[in-house]
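Open your viewer and get ready to select residues as we go. Each stop on this tour tells you what to pick next and what is there.

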Amino acid sequence: MIELAATVPDHHPALLAWTLPPDQQAFTSLPGQLLPKLARQAERFPVTVLEDGRPIGFFLIAWGEHRDKYLAEPDPAALALTSLSIDPACQGRGAGLTAMQAVPGFVQEHFPTARRVVLAVNQRNHTALRLYARAGFVISHTREGPVGPQWVMELPLTPA
């Protein structure tokens with residue numbers, strides 16, 4: 001069973017244990033690169049993807065400047081989803097899609113005033129684009145990212 005949970009220290013050993021294949025490294029950050037910085041970043045909320053209680057994935061929910069860089073203008077009712085990574089040993093089994101389909105419920109539970117989730121995906125990352133599209137995200141515009149052009153995608157949230 002796939003579920004999302006706020007990242008806790010017990011998740012760290014598993015989250016720090018994997019590396020990504022070279023073709024994925026340009027498109028995301030590993031938990032090990034992000035977890036040490038999070039104590040100093042109040043505008044990011046770490047989320048662990050659990051499979052039967054075992055950490056197999058990670059992403060951040062962000063607001064403030066971490067969200068606004070994806071938007072044409074600031075929107076306090078939006079949140080950004082960033083830095084998704086799934087343990088390569090668990091890829092290809094639908095865990096990422098199930099996790100992304102669980103995002104609306106998780107966001108509504110933890111951030112009840114949010115009305116949409118935005119993210120950016122590199123235009124060369126066709127696998128991620130398909131994943132996010134299958135989870136209901138739609139392309140809203142493009143932007144220049146750190147390693148080339150990106151699609152900005154958004155997922156409207158239905159008020160609870």
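**Stop one: a pair of rings**

Select tyrosine 132 and phenylalanine 137: both are buried, where buried means under 20% relative accessible area, exposed over 50%, and partly exposed in between (1.4 Å probe, protein chains only). Before going on, know that this is a predicted model, in which local features need pLDDT of at least 70 and side-chain atom pairs count only at pLDDT 80 or more, while totals for chains, interfaces and linings use all residues. Residues are numbered from 1 along each chain as its sequence is written, and side-chain values use heavy atoms, with hydrogens and water left out.

Now look at the two rings. How far apart are the centres of tyrosine 132 and phenylalanine 137, and at what angle are their planes? The centres are 5.8 Å apart and the planes are at 70 degrees, so the pair is edge-to-face. Rings of Phe, Tyr and Trp (its six-membered ring) pair if their centres lie within 6.5 Å; planes under 30 degrees apart count as stacked, over 60 as edge-to-face and the rest as tilted.

Keep tyrosine 132 selected and show its contacts, meaning heavy atoms within 4.5 Å. Leaving aside neighbours within four places in sequence, tyrosine 132 touches Leu81, Leu84, Met100, Leu119, Val121, Phe137 and Met153.

**Stop two: helix H6**

Select residues 126-134, which make up helix H6. Helices (H or I, at least four residues) and strands (E, at least two) are DSSP runs, numbered from the N terminus. Which residues of H6 are buried? They are Ala128, Leu129, Leu131 and Tyr132. Seen down the axis of H6, these buried residues fall within an arc of 165 degrees, so they line one face of the helix; the arc is that of the directions from the helix axis to the C-beta atoms. Turn to the other side of H6 and you will find Thr127, Arg130 and Arg134 exposed.

**Stop three: helix H5**

Next, select H5, residues 95-110. H5 has 16 residues and reaches 21 Å from its first C-alpha to its last, close to the 22 Å expected at 1.5 Å a residue (1.5 Å times one less than the number of residues). Find valine 103, where H5 bends by about 40 degrees, with proline 104 following within four residues. The bend is the angle between axes fitted to the seven residues ending there and the seven starting there.

**Stop four: the cores**

A nonpolar core is a set of buried Ala, Val, Leu, Ile, Met, Phe, Trp, Tyr and Cys residues joined through side-chain atoms within 4.5 Å. In the largest one, with 34 residues, select Phe59, Leu81, Met100, Val107 and Tyr132, which touch the most other members. H5 gives the largest share of this core, 7 residues. A second, separate core of 9 residues includes Trp18, Leu30, Leu34 and Leu60.

**Stop five: a cluster and a loop**

Select Phe45, Trp63, Phe106 and Phe111, which form one aromatic cluster. Within this group, tryptophan 63 is partly exposed at 24% relative accessible area, whereas phenylalanine 111 is buried at 15%.

Finish at valine 147, in the loop between S6 and S7. Valine 147 and alanine 26 are 121 residues apart in sequence, and their C-alpha atoms are 7.2 Å apart in space.
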